[in-house]
Every structure is written in structure tokens, then in C-alpha cells.
Amino acid sequence: MSIWVKADASQVYMNISGVVLAEHVEFLRSNLMSRMQYGYRRITINMNNVVNFDSQGKQMLDYVRKRIDQNGGELIIEDSAGRLA
């Protein structure tokens with residue numbers, strides 16, 4: 001897995017690629033949550049080049065989305081088909 005992060009004054013854009021394994025899920029969760037703690041309320045994740053993303057990863061994204069929503073933010077997930085949510 002590789003991750004590339006770009007941030008400006010109002011949002012964070014993450015590009016994730018490769019195979020996302022179970023051991024990567026906690027790293028991604030903490031990375032996303034730390035962005036929220038830094039005050040970013042809009043996080044966009046581009047997953048166009050993710051080869052495999054298991055159910056643990058999906059559960060983690062659901063958890064992060066709920067936490068960001070509770071704080072008035074927005075988590076946007078994009079894949080090759082376009083914007084997922």
C-alpha cells in the first residue's frame with residue numbers, strides 16, 4: 001500500500017493505491033482521525049488504484065465517516081467509477 005497526502009487550508013486529499021491489508025487498516029484509521037483532530041472537516045480519499053480493500057477496511061471507513069459527521073465534517077470516497085459517497 002502507498003499513500004499520498006495533500007492538504008490546503010480547508011481540506012485533505014489522500015490518494016491510496018496498492019493492496020490494503022489488515023495491518024494497514026489501523027494506520028489509515030489513525031491517519032484519518034489525526035487529520036480531523038488538526039481541524040480539517042473535509043477529507044477526500046481517492047481509491048482509484050486500490051487493488052484490494054477488505055471488510056475490515058470498509059468498517060474502518062464507516063467508523064471514521066461517523067466520527068467526522070458527528071463533528072460537522074465530510075468524508076468523500078472516490079474510486080474509478082466516480083464519487084462513492
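In which helix does I68 lie? I68 lies in helix α2, one of the DSSP runs (helices are H or I of at least four residues, strands are E of at least two) numbered from the N terminus. This is a predicted model, in which local features need pLDDT of at least 70, side-chain atom pairs count only at pLDDT 80 or more, and totals for chains, interfaces and linings use all residues. Residues are numbered from 1 along each chain as its sequence is written, and side-chain values use heavy atoms, with hydrogens and water left out.

I68 has a relative accessible area of 1% and is buried (buried is under 20%, exposed is over 50%, partly exposed is in between, with a 1.4 Å probe and protein chains only). Its contacts (heavy atoms within 4.5 Å), leaving aside neighbours within four places in sequence, are M36, R41, I43, G73, E74 and L75. From I68 to S34 the C-alpha distance is 11 Å, and the two are 34 residues apart in sequence.

**The two helices**

Two packed helices are described by the angle between their axes and the distance between the axes. Helix α2 (residues 55–70) packs with α1 at an angle of about 10°, and the axes are 9 Å apart. The axes are lines fitted to C-alpha atoms, for helices over the stretch in contact, and the angles run from 0 to 180 degrees between N-to-C directions. The two helices are therefore roughly parallel (under 35 degrees; over 145 is roughly antiparallel, 65 to 115 roughly perpendicular and the rest oblique).

On the α1 side, the residues in this contact are A22, V25, L28, R29, L32, M33 and M36. On the α2 side they are Q56, G57, M60, L61, Y63, V64, R67 and I68. By class, eleven are nonpolar, two polar and two charged (Ala, Val, Leu, Ile, Met, Phe, Trp, Tyr, Cys and Pro count as nonpolar, Asp, Glu, Lys and Arg as charged, and the others, Gly among them, as polar).

**Salt bridges**

Side chains of opposite charge can pair when their charged atoms come close. The structure holds two salt bridges (a side-chain nitrogen of Lys or Arg within 4 Å of a carboxyl oxygen of Asp or Glu).

| Pair | Closest N and O atoms |
|---|---|
| R29 and E26 | 2.7 Å |
| E74 and R42 | 3.3 Å |

E74 lies in strand β4 (residues 74–79) and R42 in strand β3 (residues 42–53), so this pair ties together parts that are 32 residues apart in sequence. E74 is partly exposed at 30%, and R42 is partly exposed at 35%.

R29 and E26 are three residues apart in helix α1 (residues 22–37), which means that about one helical turn separates them. R29 is partly exposed at 26% relative accessibility, and E26 is partly exposed at 43%.
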